[in-house]
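Below are some notes for a reader new to this model.

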Amino acid sequence: MTTIAFIGLGNMGLPMARNLLRAGQDLRVFDLVATSVAELASEGATAAQSAADAIQGAQVVISMLPASRHVEGLYLGDSGLFTQLQPGTLVLECSTIAPESARTVHKAAAEHTIRMLDAPVSGGTAGAAAGTLTFMIGGKAEYVEQARSIFELMGKNIFHAGPEGAGQVAKVCNNQVLAVQMIATAEAMAMGVANGLDPAVLAEIMRQSSGGNWTLEKYNPWPGVMENAPASKGYSGGFMAELMAKDLGLAQETAQHFGNSAPMGALALQLYRMLLKQGKGKQDFSVIQQLFIE
Ligand code: NAD
């Protein structure tokens with residue numbers, strides 16, 4: 001049994017931590033939201049009062065936070081966790097953050113003899129709950145092997161993308177594709193329904209045809225088409241639109257780093273920013289559907 005500190009129990013972190021707990025790991029959990037900590041404590045985790053408290057006795061630390069600034073705030077600086085962790089501790093940083101930020105954190109980890117991997121995920125909250133996430137990992141191959149059995153308790157596909165930061169590069173590439181697909185699907189659903197088609201019928205035709213894609217398979221943005229999709233639950237839960245806008249911004253930065261242009265990603269970012277201006281940033285990212293029907 002490994003003692004694991006899990007920090008960040010939001011839409012993703014909570015179900016990921018729960019899978020570790022169910023697999024019999026010794027889990028110490030912390031989030032700024034006390035109710036999430038209490039929920040896991042009632043299932044057998046040890047509730048920590050702070051991140052520093054959570055890492056006591058931990059051989060492995062997993063973090064699942066919103067963005068770069070939260071991750072840097074947790075690990076770096078005089079009071080950051082790297083100054084407090086035992087040398088050799090394995091840190092699995094699963095948040096989606098800027099590749100540059102991940103490299104900065106990797107560098108600091110190495111200075112403190114901490115074994116770190118950037119390991120963002122794909123698969124959404126359903127994948128987190130089912131333990132079927134895809135991990136895209138950047139860092140040393142030997143660390144990936146050392147962490148593999150822990151990743152396998154939360155995910156199905158464990159990819160070593162390359163060196164430090166490579167997991168984050170893979171993640172922003174993937175999420176740019178996801179955003180573009182979601183927007184294209186929402187646009188087509190609105191067009192078809194406005195022209196008299198039944199949304200469920202249209203969704204099924206496209207799903208089985210050359211327009212088929214992940215959003216049509218698992219995450220249709222039209223309310224009522226898929227019972228368990230966020231669209232059918234008032235666009236609640238899932239992956240917040242503001243986090244998608246963050247990822248699209250990271251994709252633009254990543255493209256520009258080597259002079260690439262990413263016009264589809266740029267347009268997707270602009271559309272998500274419009275959605276945020278409408279106050280919909282906390283809703284699931286499939287709420288982009290409403291841009292096309294209101
Ligand atoms: P979320 O906002 O639901 O959860 C983040 C949690 O981190 C919150 O509970 C917050 O209180 C906590 N937190 C923030 N700062 C903290 C700190 N200093 N100490 C302790 N806790 C802190 O976000 P989420 O949807 O769980 O996403 C987490 C990360 O995973 C993001 O980077 C996101 O882009 C990525 N991601 C999300 C999804 C998804 O479908 N939701 C899918 C893949 C990747």
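Which helices each supply at least two residues of the shell around the ligand?

1. They are helix 6 (124-130) and helix 11 (241-257); helices here are DSSP runs of H or I with at least four residues. This is a predicted model, where local features need pLDDT of at least 70, side-chain atom pairs count only at pLDDT 80 or more, and totals for chains, interfaces and linings use all residues. Residues are numbered from 1 along each chain as its sequence is written, and side-chain values use heavy atoms, without hydrogens and water.

2. The ligand has 25 residues around it, and Asn11, Met12, Asp31, Pro66 and Lys246 come nearest (a residue counts if one of its heavy atoms lies within 4 Å). The shell consists of 13 nonpolar, nine polar and three charged residues, with Gly counted as polar.

3. For Pro66, a backbone N or O atom lies 2.8 Å from a ligand oxygen.

Key: A polar contact is a pair of N or O atoms within 3.5 Å; within protein, one must be able to donate a hydrogen and the other to accept it, and residues adjacent in sequence count only if both atoms are side-chain atoms.
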